[in-house]
Structure formats: structure tokens, C-alpha cells
Amino acid sequence: IYIGLVEREPMALWQHKKKIRVIDSEGVTLTDKKMDAFRDLIILVGEDAPANAPDLLALLAAEPPLRARVEAATWVGDRRWDLKLKTGLTVKLPE
């Protein structure tokens, strides 16, 4: 018998229905417990944000200076992202 384990890496926090959960790069929910360890992760907001997060997270990973400035991202209208920067500025990305 062979058993293989694959550890999922936390990539973002997902805020949904007044609850915050940790998700991985595929949008899979990992936990909603002991959140202090994950406070530096980007916060994603929106019903389908986890399903659409991989593309956004890959885009931000390719641009580290931009990623360092992004505090949260909101999935809007099931078609695009709004990025909230740490300065309070909101950047509305195109579809």
C-alpha cells in the first residue's frame, strides 16, 4: 500500500458571509482556525473569489512590488477585480 500526502500552501484569506478562511492557490479552503499566523496574506472578497483567485495570485506573484502594496482584492460582478492598496486607494482592474 502506498499513501502519498500533498501539503497545500496557504495563499490568501477569503472573506465571505462575515467569516474569514485560509485558501490555497487553487481556491480550496484550508482552515478558519488560528488565523493569526496568516495575517500577512492578501484578503479576497466575493462569492466566487476563490475560484477566480489563481489568475490574480499568479499576476501578483509576477509583480512583487505591486503585491507588496495590495491589501485586499474584491471579485466584482463575476468578471473583474478591484484591488485595495494599503494606502487606501482602490484600483479597478478591467475585465
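Predicted model: local features only at pLDDT ≥ 70, side-chain atom pairs only at ≥ 80, totals over all residues.

User: Okay, helix α1 first. How far apart are its end C-alpha atoms?
Analyst: They are 19 Å apart. The helix covers residues 49-62, and its 14 residues should span 20 Å at 1.5 Å a residue, so the two values agree.

User: And where is the kink in α1 centred?
Analyst: On Asp 55, with a kink of about 35 degrees.

User: Which residues of α1 are buried?
Analyst: Ala 49, Pro 50, Ala 53, Leu 56, Leu 57 and Leu 60.

User: What covers them?
Analyst: The cover includes strands β1, β2, β4, β5 and β6, along with helix α2.

User: Switching to the strands: do β4 and β5 run parallel or antiparallel?
Analyst: Parallel, with 3 bridges joining them. Leu 44 stands opposite Ala 73 in β5.

User: What about β5 and β6, parallel or antiparallel?
Analyst: Those run antiparallel, joined by 6 bridges. Val 76 has Arg 80 in β6 as its bridge partner. The two strands form a hairpin with 3 residues between them, and Gly 77 in that turn has a positive phi of about 60 degrees.

User: Last one, His 16. Buried or exposed?
Analyst: Buried, because its relative accessibility is 13% and the cut-off for buried is under 20%. His 16 belongs to strand β1, residues 10-16.

User: What does His 16 touch, leaving out residues up to four places away in sequence?
Analyst: Arg 21, Gly 46 and Glu 47.

Key
Residues numbered from 1 in each chain as written. Heavy atoms only, no water. Helix = DSSP H or I, 4+ residues; strand = E, 2+ residues; numbered from the N terminus. Buried < 20%, exposed > 50% of the residue type's maximum accessible area, 1.4 Å probe, protein only. Contact = heavy atoms within 4.5 Å. Expected span 1.5 Å × (residues − 1). Bend = angle between axes of the 7 residues up to and from the residue. Pairing = 2+ DSSP bridges.
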